[in-house]
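Please open the model in your viewer and follow the selections below, one after another.

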Amino acid sequence: MITDQRHEQFMERIQRGEKIEATDWMPDEYRKLLLKLIHMHAVSEIMGAFPEKEWVPKAPTLKRKLAIMAKVQDEVGHGQLLLRVAEDLAAPLGKTREDLMEDLIEGRVKFHNVFHMESPTWADAGVIGWLVDGAAIINQAALLSTSYGPYARVLKRICAEESFHMQHGENIILALAGGSKEQRRMLQEAVNRWWESLIFFFGPVEVTDAARRMIDYRIRTKTNEELRQQFLKKYVPRIHSLGLTIPDPNLRYDEESEKWIFTEPDWKKFGEIVRYNQGPKSQERLKLRRFAHEDQRWVREAMVRSQKMQVV
Amino acid sequence: MMQTAEQIVQEPRLRHALTELLYQLADDELCLGHRDSEWLGLAPDIEGDVAFSSIAQDEVGHAVFYLERLHELGEAKPDQLAFFRGPGERRNAILLEQPNGDWARTIVRHFLYDIFDDIRMEALLQSSFHSLAQGVVKIRREEHYHLLHHKMWFTRLAQAGGEARQRMEQAVSEVWMEVGGLFSLGEVEEEMLHYGLIACGSEGLAQRWAERMRPLFDEAGLNWPGMPVKPKRDGRKGEHTKDLERLIQTMSEVVGSDPDAQW
């Protein structure tokens, strides 16, 4: 009975547009939905460092080298900010940062499909910044109005940084688009490679039960398809204006429904890539994370030990 | 007497000594910054990852400063110098071209180098090349934080005992073989001193370094391995290992695929 009342009051707060804070009472379902979302967001940022990291040592000018180092650092930094938010949500469930990281290594938490994919050329480093981060901004900007205060605040900073990333990516892309025949070829191939992943990135068209619950709780306010349409509206003209093509013969704007019509991605293939970590680069990148986390446990343990010694 | 780049280019011997010195500085920082950046996404914890990346960016930023000074003296553009010089033209100490190894070795190398770099910059504060003396003041402010950061890591990993301490001891013994190479000023040390480009010669740099380093070993509870000896090869004279060849190859892979293109 008391719980029902609390729940009712909680929903009223949300409907009034109030923000929920970490120490406020919240329904278990709300906590779990949020934790799942933010945990996935956090580990995606951390795994998202890897496809571009491959290009950090190879960046072709000093300016690019500095920029891509800072960019990848930001992604890891976002991971850290989000993990802090997730840690607070996870604490009452008895979970720690170590557990959240282990969930990633053990495949108990998913990360975004795009970070399972290959990035074999310098143009991929550009396309990731330009289009993948571009898609991420659309997703994240839509979450700025989320009912959970700590997430909203972290997202504000993340979105500001991501818009830099998009410019960084666009800058790489512009150099390639205005460059040699070979550079343009490299760029077109990268766009071809990423397109389907980008369409999948926003998730299924139909609104799943979990997504519906998140909308009820105002954790998110827009559907996958609304966000995907926003992406297409923004980027299709930009891609075309650079003289690039999009590898989808069915892509067109339908005046009547005021929507972009597109070929559906292979939902099953990508779904399995994400669920079972079986994309072309999933295992290789998880191995890197395992190296960071497990092979260097001795470092974290040593730092804890020596801190205790200093306190004594 | 303080001199500008325009004045220096009139005197070939002076110009040569100065470019050698600037290449040593630039190449040390570029190699180390490049190596540091290899840790991106792989550091033992997320906080450390972010911190280490800031250091990597600072080091590459310092390299850019030195390369710009070289360009002022009539050398090629910074990008050209960074990406297209062969190993024989590079002047970094061999220690800095070596791969990172584990976290202990990364920390040990960085800390030993940071102390050296601080001493070297101290000797550049009154350099007769005005813009170098000026730049070093600013760079030292940043390096101060690297020093604090790596001192913390160095001391605490060594004090922690267990596996960490073993790894630190191992790292010290490995790194020690090449530490001596840091102090060399290469072929034209005498000219560098004669023209007042740097206030301290290689012997003095080594002495000052040991004086500062030894108490830090004591504090960390590590055995002082004795004065480092001069390694067989001298990076300051363009003598390098396969590690540098590979580093350059990696670094220039993209730009080398079409050196005339805009990237």
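Select chain B and chain A together: between them there are 19 residue pairs in polar contact, both residues at pLDDT 80 or more, a polar contact being a pair of N or O atoms within 3.5 Å in which, within protein, one must be able to donate a hydrogen and the other to accept it, while residues adjacent in sequence count only if both atoms are side-chain atoms. This is a predicted model, in which local features need pLDDT of at least 70 and side-chain atom pairs count only at pLDDT 80 or more, whereas totals for chains, interfaces and linings use all residues. Residues are numbered from 1 along each chain as its sequence is written, chains are lettered from A in the order in which they are written, and side-chain values use heavy atoms, with hydrogens and water left out.

Next, show the side chains of A:Arg97 and B:Glu47, which meet in a salt bridge at 2.7 Å, N to O; the count between the two chains is 2 salt bridges (a side-chain nitrogen of Lys or Arg within 4 Å of a carboxyl oxygen of Asp or Glu).

Now colour the side of chain B that touches chain A by residue class: it divides into 27 nonpolar, 13 polar and 11 charged residues, where Ala, Val, Leu, Ile, Met, Phe, Trp, Tyr, Cys and Pro count as nonpolar, Asp, Glu, Lys and Arg as charged, and the others, Gly among them, as polar.

Finally, widen the view to the whole contact, to which chain B gives 51 residues and chain A gives 45 residues, contact meaning heavy atoms within 4.5 Å.
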